[in-house]
Amino acid sequence: MTIIGIDGPRPVALSARVHPRWLVSFVVIACSMALGAAYAGFAGEDVNWDWQNYHHYNVWALLNGRYDHDVVPPGFQTYFNAYIYFPWYYLRETLPPIAAGTIMGAVHGLNLALIYWLARCVLGNAASVMITAAILLLAASGPMTLSETGTSFADILTAIPIIAGLILLLAHDDVRPWPYIGAGLLIGLALGLKLTNIVFAIGLGPAALAASRPLLAMIYIAIGGAIGTLLGGGAWGLMLWREFGNPLFPLLAGLFPSPELPSVTILDRQFIPRSFLDGLAYPFYWLMGDYRSSEFPFRDARFAILMLLIPLTIAAHLKAGRTLFSRREWQLILFFATAYAMWLALFAIHRYIVALELLIAPLIVIILLRCCSALGLSVRFAGLASLTIAIGAALWLQPADWWRRPWSTPYRPAIPVELKQAATYLLLDKPLAVMAPFLPAGSRFYQLADIAMPIMPNGKFDRRIREAMTMPLPGGVWAMHIKGRPPRNEALATYGLVIDVARPCVEMEGPQLTTINVACALIPSVR
């Protein structure tokens with residue numbers, strides 16, 4: 001029996017057969033899923049902003065043929081690939097909320113099992129109990145990883161094929177077709193399902209160039225990546241191409257002009273560093289609780305620890321006079337560094353790098369092991385140092401909060417009697433699309449307030465709204481907004497409507513605790 005080690009296959013004593021591989025795998029999977037389910041059960045019902053806006057609506061709209069009737073209720077996110085949200089939608093629609101949340105948490109927990117296998121793949125016999133414990137604790141201490149466990153977010157779900165693909169890439173010292181094609185396919189699948197995973201697809205390039213046969217590695221990865229991207233996003237992109245002439249609509253509108261959009265590229269750059277030095281400082285901002293890469297507070301020490309290990313690595317290399325890392329370790333380092341740099345340049349939105357939050361764990365421990373070896377320190381010292389750092393990082397951790405509800409009060413809004421008939425709803429705020437499935441069948445939902453995707457005059461969406469106004473539904477026409485935010489009356493004026501002040505507005509509970517969604521009857525304006 002052999003185990004893949006740092007320098008290739010290594011013999012293992014026959015006593016290792018006491019723990020059959022299938023039993024170890026079963027225990028690792030079961031424990032990882034149990035931890036994910038337990039955390040999701042502890043956290044409560046997920047009602048995050050994106051779920052309220054498009055995670056739920058996009059699947060519901062696809063299943064119920066709403067794309068041909070509504071007008072972008074979630075705004076520009078209406079046309080983001082819905083396939084990745086099907087599992088969460090069906091769980092939430094068919095099971096009690098706590099069961100749906102814990103099952104999804106269990107699935108998300110598989111990331112921890114994959115980190116275990118990646119560490120075993122790269123470290124081989126060096127992955128002692130202490131080292132493994134440190135890696136798993138570090139991996140489980142990601143503020144975005146924890147915050148997304150048991151939620152509808154796709155970042156943590158697509159981290160599974162990303163890490164699995166990386167394991168295939170690192171599993172062999174030589175370049176073999178199927179592992180490399182498989183690695184490209186899995187990460188391409190993640191890209192097709194969620195376009196922000198482009199940073200990980202780019203990260204595969206330098207990792208392939210560090211392989212023993214770089215050109216062949218790149219070819220295999222490109223083949224797999226193309227297949228995976230088509231599997232994950234091909235059908236969705238084809239639908240968008242047929243509808244708008246843009247397979248990435250509403251993105252890259254400057255490259256693919258559409259009468260439904262201004263010719264500008266939609267890209268949220270509010271979190272991107274202001275300078276190179278500002279970018280270098282981001283890990284230390286996170287260490288101190290400065291959450292400039294996220295909408296909500298979090299705290300994380302691990303990226304700062306990794307940054308501080310860089311000068312230690314340089315010193316250890318100079319002392320040893322040799323390279324510290326194996327080929328596989330270099331591939332992991334290059335994948336991580338490239339993906340991180342691309343993320344920082346393109347997005348810097350923290351929840352997009354859940355996969356890196358997980359991969360940073362084995363990376364920190366590998367660097368510590370190699371530095372300690374080069375500096376003449378024992379493996380036991382390296383293990384103790386790794387475990388100490390992991391405990392400290394876990395204690396310092398503050399997960400982000402994307403909004404949860406207690407399981408005892410699941411979100412099931414009571415619909416006022418005034419809204420019991422099918423009606424037309426003009427949405428003047430976001431996120432409100434989640435209300436669509438709760439309101440009477442046959443209702444129409446038109447978003448008028450999305451800044452990134454305004455309704456273009458004389459476009460098909462504008463015509464759809466105007467035609468609907470000539471065919472009133474029995475419940476009338478209503479404007480909907482979130483209480484405490486002023487309604488955009490100028491958007492109503494575009495369609496010759498005003499709020500009927502003679503009728504009181506009605507209120508419905510919003511998904512986030514303490515929020516209220518308000519619907520106000522509309523009438524034609526007097527000119």
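**Exercise 1.** What covers the buried residues of helix 3?

*Solution.* The model is predicted. Start with the residues themselves. In helix 3 (residues 86-94), F86, W88, Y89, L91 and R92 are buried. Now look at their surroundings. The cover includes strand 3 (45-46), helix 2 (49-63) and helix 4 (97-123).

**Exercise 2.** Find the salt bridge between E45 and R92, and say whether each partner is buried or exposed.

*Solution.* The closest N and O atoms of E45 and R92 are 2.7 Å apart. E45 sits in strand 3 and R92 in helix 3, so this pair links distant parts of the chain, 47 residues apart. Next, check accessibility. Buried means under 20% relative accessible area. E45 has 2%, so E45 is buried. R92 has 7%, so R92 is buried too.

**Exercise 3.** Which parts of the chain does the salt bridge between D173 and R328 tie together?

*Solution.* The closest N and O atoms of this pair are 3.1 Å apart. D173 lies in the loop between helix 7 (154-170) and helix 8 (177-193), and R328 lies in helix 13 (residues 327-346), so the bridge ties together parts 155 residues apart in sequence. D173 is partly exposed at 28% relative accessibility. R328, at 2%, is buried.

**Exercise 4.** Describe how helix 5 and helix 15 pack.

*Solution.* Take the angle and the distance. Helix 5 (residues 129-139) and helix 15 (residues 379-396) pack at about 20 degrees, with axes 8 Å apart. Angles under 35 degrees count as roughly parallel, so helix 5 is roughly parallel to helix 15. Their crossing is left-handed. By class, the contact has 14 nonpolar, two polar and one charged residues.

Methods: Residues numbered from 1 in each chain as written. Predicted model: local features only at pLDDT ≥ 70, side-chain atom pairs only at ≥ 80, totals over all residues. Heavy atoms only, no water. Axes fitted to C-alpha atoms, helices over the stretch in contact; angles between N-to-C directions. Helix = DSSP H or I, 4+ residues; strand = E, 2+ residues; numbered from the N terminus. Parallel < 35°, antiparallel > 145°, perpendicular 65-115°, else oblique. Left-handed = near helix turned anticlockwise from the far one by under 90°. Nonpolar A, V, L, I, M, F, W, Y, C, P; charged D, E, K, R; others polar. Buried < 20%, exposed > 50% of the residue type's maximum accessible area, 1.4 Å probe, protein only. Contact = heavy atoms within 4.5 Å. Salt bridge = Lys/Arg side-chain N within 4 Å of Asp/Glu carboxyl O.
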